[in-house]
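Morning, everyone. Please have the structure open on your screens. I'll go through it strand by strand.

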Amino acid sequence: LVGPGSREGTWQDADERSTWQAILDGPHILQIDEVSVFTDSARSTRQFRFDSSGALLTLHEEREQVLFGDRATPDSVRTIIELEWEQDSLARSAKRVNGVDRLLQPFEVDNFRAHAVELQRLVRAGSVSRNNTSTP
């Protein structure tokens, strides 16, 4: 990573595909903004912020999912998740589903952290895409 600027790319797994843009300051990744589409019709926007050592500082996700079927009430679900770390420990977490506070599960936090690490790896590698096949 050279100089301030940005880098962008794509990411994909079996249930989700996304486009991301990283904001850089020299060798440091300051922020990654991601827009995802899921196989279950959900869409999300995420913002990951990092300190100069690459540690995750904050995550903000907004997810919209449209429900289908005659009994789908409400017909859409909006979830907002906010996480904040201090010295690698989770300092604050919030999850709201259609405006109602919900319990955030530990696996959700772990999944966000693992995804942030994967995105950082892609940014550092200069890679523009990932799929489930390996190439030499």
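Start at one end: in β8, which residue is the bridge partner of V97? It is V100. A note on what we are looking at: this is a predicted model, where local features need pLDDT of at least 70, side-chain atom pairs count only at pLDDT 80 or more, and totals for chains, interfaces and linings use all residues. Residues are numbered from 1 along each chain as its sequence is written, and side-chain values use heavy atoms, with hydrogens and water left out.

Now some terms. Strands (E, at least two residues) and helices (H or I, at least four) are DSSP runs, numbered from the N terminus. Two strands pair if DSSP finds at least two bridges between them.

Back to our strands. β7 covers residues 89–97. It pairs with β8 in the antiparallel sense, over two bridges.

β1 and β2 run antiparallel, joined by eight bridges. A hairpin of three residues links them. Q12 has R17 in β2 as its bridge partner. R17 also stands opposite V37 in β3.

β2 (16–25) and β3 (28–38) come next. They pair in the antiparallel sense over 10 bridges. Their hairpin has two residues between the strands. There, G26 takes a positive phi near 65°. P27 is also in the loop between β2 and β3. Is P27 buried or exposed? Buried means under 20% relative accessible area, exposed over 50%, and partly exposed in between, with a 1.4 Å probe and protein chains only. P27 is at 54%, so it counts as exposed. P27 and G54 are 27 residues apart in sequence, yet 9.9 Å apart in space, C-alpha to C-alpha.

Look along β2 itself. In a regular strand the side chains alternate between the two faces of the sheet. In β2, E16, S18, W20, A22 and L24 point to one face and are buried.

Last stop, the helix. α1 spans residues 106–125, and R124 lies in it. At 47% relative accessibility, R124 counts as partly exposed. R124 and A22 are 102 residues apart along the chain. Their C-alpha atoms are separated by 10.0 Å.
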